[in-house]
Amino acid sequence: MPANLPPTYYKLKHEHEAAKSDEERLSLLEEMLRIVPKHKGTEKVVSDLRKRIAVLKKGSSGKGGKGAGKKGYSEHIPKQGAGQLVMLGPPNSGKSQILANWTKAKSEVSPTPYTTTMPIVGMLPYENIQFQLIDTPSVMQDFISPSVLTLVRNADLCLGVISLANDNLLDELDIVLSVFNEQRGEADGDELGYIVVANQIDAPDANDRLEILSEFYGDDVPIYVISAETGEGKEELLQGLYDILDIVRVYPKAPGKSVERDDPIVLPNGATVFDAALGLHKDFAEFKLARIWGPEWHDGQPVSRNDVLYDGDVVEFHL
Ligand SMILES: Nc1nc2c(ncn2[C@@H]2O[C@H](COP(=O)(O)OP(=O)(O)O)[C@@H](O)[C@H]2O)c(=O)[nH]1
Ligand SMILES: [Mg+2]
């Protein structure tokens with residue numbers, strides 16, 4: 001579907017990506033729509049432009065009213081919990097439904113495309129920890145807001161969410177994966193992990209589409225199959241997230257007290273006793289003695305600050 005767009009279009013597109021305000025974005029989009037040749041090959045570009053313009057107009061319609069002076073959202077969402085997961089996907093893949101059904105956050109679920117206009121954060125519980133799950137405005141062919149790209153780059157893991165109810169899913173996934181790959185070079189430590197979440201397995205003919213999806217992408221990227229609606233595949237996804245994030249849970253214990261298992265310190269795999277002390281509280285950084293319990297240790301064995309912890313270890317710090 002190459003649309004053979006004129007160079008001016010790409011120039012405007014770059015300006016759009018760098019634009020700082022919605023007003024600027026809106027006028028650039030209108031200019032792009034004006035200059036784009038209108039024929040079969042550009043149908044999708046044209047409709048994306050129209051939708052994008054509509055969304056921006058809707059967003060600015062409240063001038064002087066409720067939305068007045070709204071600066072847009074912060075580009076950086078402080079990390080919380082065991083890992084920051086950013087969902088990215090085309091309209092109607094079910095991102096908001098996942099957030100709404102699996103966390104306590106409220107994200108508007110709707111068959112109307114581009115309903116979600118701001119990132120929304122929810123906490124997704126898994127065993128005794130929680131992942132921070134972020135719903136984002138849907139991506140489309142040529143556009144993705146710079147703020148969402150920032151979220152993608154900063155994420156611990158990106159989730160490309162697509163719908164098995166949609167015949168366009170391969171094209172849609174192409175767009176999502178190209179965003180991930182483009183951002184990979186820009187990400188901190190040039191690492192950007194991502195998986196594919198194929199949602200709506202409960203939809204009619206979803207299995208046929210899954211077969212096609214697996215055939216084309218199964219070797220390239222991990223694919224988790226779920227239904228936000230029925231909960232199918234949820235456990236496997238959560239377990240997969242835990243494994244991919246490569247984290248360990250360590251349980252702090254006060255001397256003479258029994259261990260509480262409900263609030264672990266979550267650390268990257270390879271973290272040390274010192275990291276756990278810091279994770280507990282900065283005051284523990286200067287601990288005098290640490291004892292440890294776990295299958296790899298003798299019960300209550302004293303450990304040094306550089307010893308590497310195992311998932312499930314219990315550590316007792318003495319100040
Ligand atoms: N059958 C089915 N429908 C779903 C599922 N997840 C989302 N939907 C529907 O798909 C539409 C779009 O969902 P939404 O979460 O708003 O998509 P978003 O644009 O990616 O945020 C809504 O009508 C949802 O009810 C699912 O797992 N199964
Ligand atoms: Mg949404």
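Is the crossing of α5 and α6 left-handed or right-handed? The crossing is right-handed, a crossing being left-handed if the near helix is turned anticlockwise from the far one by less than a right angle, and right-handed if clockwise. The structure is a predicted model, in which local features need pLDDT of at least 70 and side-chain atom pairs count only at pLDDT 80 or more, whereas totals for chains, interfaces and linings use all residues. Residues are numbered from 1 along each chain as its sequence is written, and chains are lettered from A and ligands numbered from 1 in the order in which they are written.

Helix α5 spans residues 146–154 and helix α6 residues 169–184; helices are DSSP runs (H or I, at least four residues) numbered from the N terminus. Their axes, lines fitted to C-alpha atoms over the stretch in contact, with angles from 0 to 180 degrees between N-to-C directions, come within 10 Å and cross at roughly 70°. The two helices are therefore roughly perpendicular to each other (65 to 115 degrees). Leu 149, Val 152 and Arg 153 of α5 make the contact with Val 179, Phe 180 and Gln 183 of α6 (C-beta atoms, placed from the backbone, within 7 Å). These contact residues comprise four nonpolar, one polar and one charged; Ala, Val, Leu, Ile, Met, Phe, Trp, Tyr, Cys and Pro count as nonpolar, Asp, Glu, Lys and Arg as charged, and the others, Gly among them, as polar.

Around ligand 1 there are 21 residues (C-beta atom, placed from the backbone, within 6 Å). Gly 94, Lys 95, Ser 96, Gln 97 and Glu 229 come nearest. Helix α4 (residues 95–102) supplies the largest share of this shell, three residues. By class, the shell has 13 polar, five nonpolar and three charged residues.

Technical notes
Angles under 35 degrees count as roughly parallel, over 145 as roughly antiparallel, 65 to 115 as roughly perpendicular and the rest as oblique. Two residues are in contact if their C-beta atoms, placed from the backbone, lie within 7 Å.
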